[in-house]
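Hi,

Here is the structure I promised to pass on. Have a look at it first, and then read on for what turned up in it.

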Amino acid sequence: MLGEGILKGMAETAKNFFGSYFSADRLTTVEYPEQRIAPYEAARVFPFLVYDSKNPGDGADWEAGLRCVACQICEKECPPKCIFIEKSQDKKPDFVGKPQFYPARFDIDISVCMSCQICVEVCPFEAIKMDTEFELSTDDRFGGLLLDRKQLAKSNEYYHQIHPTEASTVDARLAAEKVKAEARVKSAAAAKTAAIAGEGA
Amino acid sequence: MSVTHGDCAAIAGKPEGWNRPAAIEPENEGELLEVAMGPHHPSTHGVFRMDVALDGERVMRLRPVFGYLHRNHEKIAEGQSYLASMPYTDRLDYICPITNNWAYALAVEKLTGQEVPERAEYLRVILGELTRFQNHASSIGFLTQEMGAMGTPLMYAFREREKILDLFEELTGARMMVNYMRFGGCRVDASPGWLERTRKVVAGLAGFVDEFDRLLSSNEILMARTQGVGVLQPELAVNAGVTGPMLRASGVNYDIRKVDGYGIYNRFKFRVPLGDHGDVYDRYMIRMLEMRESIKILEQALNEIQPGPVMSPTAKLRGLRPKPGEAYGRIEAPKGELGFYLISDGGPNPYRYRVRPPSLINLTVLEDMCLGVNVADVVLIFGSVDIVLGEVDR
């Protein structure tokens, strides 16, 4: 019969239309911004710099706690070249106490950044991670989208909040490294004292 | 410049074996009407222009004009490291980024002789087939929109696509720009929960294809508009290098998953649907049937996947310097054969980087399919090719 296919199709649309009144999983949209879907843990929107804070919450010691040592690997590997780093002249101690350089300037142009997270993958110091904050529109095209290191610095607690599983593995790895480094320092000191004792004998 | 009847006579005199209509004789006296459809035209996907010469409603000549979305992809890739090109490949065919990643990773793995662990291969197949499914679903949706079905089939397709994109986001962190594959494996491992949710989504996909089938396949309007329209002869399709669903709709049995068996595709049981007539309806039907085959592959892969590493221990992330040589990695992307041709001179970046985009090469036969049809059918035939301009212009 001519028109049978059309009627069959119309029955399908009618089923979908009336079904949405009875079954909740047929409603596929939410009314943003009143309703929001929580981002997935793996979600990634622009990088930020992690800092370790002694007293979490106040954020006063962001500069001292920055994990970044200005090695400039991310700057080199970034595909669209949106990272700009200036190395410091002096050094400051890092989390194991070893003196390291720090970024005197660390800018990311998020109008160029494409959130590919290659900077995160290549960073050997767990210093740069991906954010989940996406409502970043601004009316300032140039200054507003060029983030400096103060705007980029976010605490380790914030990192735990947005990527809990990933952050715990990172913390465990860093703690293990710290223990190793301390053991190395201790054994070096022991060897030194042994050597001095040997000389004295 | 005006087009005269003499120009069309020159086109009609092409060599034998081309499927051009024997002669298109203008019915009226006088000049042909030249129309530029696009680059900003509601019927074109993105920025694509068709310069058509019309005699009344009939198309006498069609000249595709592209390059409006050119982003210098190949030259950019030649100036940076192998890893840094990976996120750019997402942006070629932005409907199916996973398969672009896969083809590029395959080319570099061939170049360096890198092995890929078993679990990573399974994850690649699972994600690749999900990509094929959502590409075909949305391409059918767009095709019906071109026929005037404003939205309904497209929205049904996008509802399903959304579920698949949610899976992508949960695993890779992004819905479309996934940047997931690495040379020698995949970037992150899938959790058991993710696999469970994927099984659940895959179980629902068959119902969606059935629903789509009831909605469209026997629809009289769709059949009247598509059957016998835009016929592509198999000889021309092979000569022009057309691949993918378009080639198979013309009845040529060529699927790189079967021919090459790249990755682990020779472990799975699936069939390659073939068309009979090579018209728009056959292309629609091939995509429908391929979705069903994709579901079969997905079910097998999800059953067989075993725990294990997803990155080969010998894989290098940074500072890749392959030995001088060349490699061509190709896969059956949803739109056809997607290949990456790389030449290394031993340096940190490729000496030559070339993409073989299925969309561009499938477009080359557009004029041959469109000659003599009405203007409204040009839009339809163009939609049935299933292109993404990001890949055509690169």
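B:Asn179 sits in the loop between H6 and strand S4 (181–182) of chain B. Keep in mind throughout that this is a predicted model. B:Asn179 is not a glycine, yet its phi is positive, about 50 degrees. Is it buried or exposed? The cut-off for buried is 20 or more other C-beta atoms within 10 Å, and B:Asn179 has 24 C-beta neighbours inside 10 Å, so it counts as buried.

You'll find A:Phe46 in the loop between H1 and S1 of chain A. With 19 other C-beta atoms within 10 Å, A:Phe46 is partly exposed. While you are in that loop between H1 and strand S1 (47–51) of chain A, find A:Pro33. The peptide bond that joins A:Tyr32 and A:Pro33 is cis, with omega about 5 degrees.

Next, the sheet in chain A. It is open, and its three strands run in the order S2-S5-S7 with antiparallel pairing. Strand S2 (83–87) and strand S7 (146–147) of chain A are the edge strands, each pairing on one side only. Between S2(A) and strand S5 (residues 103–109) of chain A there are five bridges, in the antiparallel sense. If you want a pair to click on, A:Ile85 has A:Phe106 in S5(A) as its bridge partner.

Now to where the chains meet. The contact takes 23 residues from chain A and 27 residues from chain B. On the chain B side, the elements that give two or more residues are helix H3 (86–89), helix H6 (152–172), H7 and helix H8 (220–226) of chain B. H6(B) supplies the largest share of that side, seven residues. Sorted by class, the side of chain B that touches chain A has eleven nonpolar, eight polar and eight charged residues.

One helix pair across the two chains is worth a look. Helix H1 (residues 4–22) of chain A packs against helix H7 (residues 192–217) of chain B at an angle of about 135 degrees, and their axes are 7 Å apart. That angle makes H1(A) oblique to H7(B). On H1(A) the contact is made by A:Lys8, A:Gly9 and A:Glu12, and on H7(B) by B:Glu211, B:Arg214, B:Leu215 and B:Leu216. By class, this H1(A) and H7(B) contact has four charged, two nonpolar and one polar residues.

Another pair lies within chain B. The axes of helix H5 (residues 118–147) and helix H15 (residues 375–385) of chain B come within 9 Å and cross at roughly 180 degrees. H5(B) and H15(B) are therefore roughly antiparallel to each other. H5(B) makes the contact through B:Phe142, B:Leu143, B:Glu146 and B:Met147, and H15(B) through B:Val379, B:Leu380, B:Gly383 and B:Ser384. Here the classes are five nonpolar, two polar and one charged.

How enclosed is H15(B)? Nine of its eleven residues are buried, so H15(B) is largely enclosed by the rest of the structure.

Last, the core. The largest nonpolar core has 128 residues, of which A:Leu49, A:Cys68 and B:Ala103 touch the most other members. H5(B) gives the most to this core, with twelve residues.

Cheers

Terms used:
Residues numbered from 1 in each chain as written. Chains lettered and ligands numbered in written order. Predicted model: local features only at pLDDT ≥ 70, side-chain atom pairs only at ≥ 80, totals over all residues. Axes fitted to C-alpha atoms, helices over the stretch in contact; angles between N-to-C directions. Helix = DSSP H or I, 4+ residues; strand = E, 2+ residues; numbered from the N terminus. Parallel < 35°, antiparallel > 145°, perpendicular 65-115°, else oblique. Contact = placed C-beta atoms within 7 Å. Nonpolar A, V, L, I, M, F, W, Y, C, P; charged D, E, K, R; others polar. Pairing = 2+ DSSP bridges. Core = buried A, V, L, I, M, F, W, Y, C linked by C-beta atoms within 7 Å. Buried ≥ 20, exposed ≤ 12 C-beta atoms within 10 Å, placed from the backbone.
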